[in-house]
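Subject: Structure for you to look at

Hello,

Here is the structure I said I would pass on. My notes follow below it.

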Amino acid sequence: MSERGALRAKLDKLVREIAKFGLVGGVGLLVNMAVFNLVRHTTEVPVVRASILATVVAIACNYAGFRYFAYRDRDKSGRTRELTLFLLFSLAGLVIENGVLYAATYGFGWDTPLQSNVFKFSGIAVATLFRFWSYRTWVFRALPTDAGTDAQAGADSGAGADAGAGVGARAGDEAVQTAEAILQRAERKAQVGDPVPAAVPRRR
């Protein structure tokens, strides 16, 4: 594959990954905002605490979506490590997301329902960029590249070809030796000569 073709293949793969991540993130966003507004309007829980609760619920939904949809082809060998890193980076995203809302609510006094939703959404947007980078880089690790697999397959094919060539060469040598032996026997036979039967006199 040419360098340009390889670059285009990588770009297509990244676009598909972003689309899958966006789909899972979109579902998580709906869950996050729905739980946030439900808790905010049906309970007396303070706005930032309601937001944190909603974020935790969304994180659980996101993990299922990332593991079994967006990154289902990634390495599954270290599930404990994966889950631990996911929780750590999700916690960092939670701080980023709700830090924006906290600053708006308690720093500037913007705490109307509309303002809370705007800054909640803004915090999610900022945290999503961090999550995309951290999840794809550290949590859901890519399997060995196809290039390595292809190289190994090429090496195996080369080894098979060499073995086949060796077998063919041996078979050719045996055929040549057999032909030479036949020629040598024919030459010896010609040198000795076959006895010529004596002529039978005719009867008169």
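The side chains of Arg136 and Glu17 form a salt bridge, with N to O at 2.7 Å. Keep in mind that this is a predicted model. The pair ties together distant parts of the chain: Arg136 sits in helix H4 (residues 113-139) and Glu17 in helix H1, 119 residues apart. Arg136 is partly exposed, because its relative accessible area of 30% falls between the 20% and 50% cut-offs. Glu17 has 8% relative accessibility and therefore counts as buried.

Glu17 also meets Arg74 in a salt bridge (3.6 Å, N to O). Here the two residues are 57 apart in the chain, with Arg74 in the loop between helix H2 (47-70) and helix H3 (79-107). Arg74 is buried, as is Glu17.

A further salt bridge pairs Glu97 with Arg131, their closest N and O atoms being 3.1 Å apart. This one links helix H3, which holds Glu97, to helix H4, which holds Arg131, across 34 residues. Both Glu97 and Arg131 are buried. Through shared partners, salt bridges join Glu17, Arg74 and Arg136 into one network. The structure has six salt bridges.

Regards

Methods
Residues numbered from 1 in each chain as written. Predicted model: local features only at pLDDT ≥ 70, side-chain atom pairs only at ≥ 80, totals over all residues. Heavy atoms only, no water. Salt bridge = Lys/Arg side-chain N within 4 Å of Asp/Glu carboxyl O. Helix = DSSP H or I, 4+ residues; strand = E, 2+ residues; numbered from the N terminus. Buried < 20%, exposed > 50% of the residue type's maximum accessible area, 1.4 Å probe, protein only.
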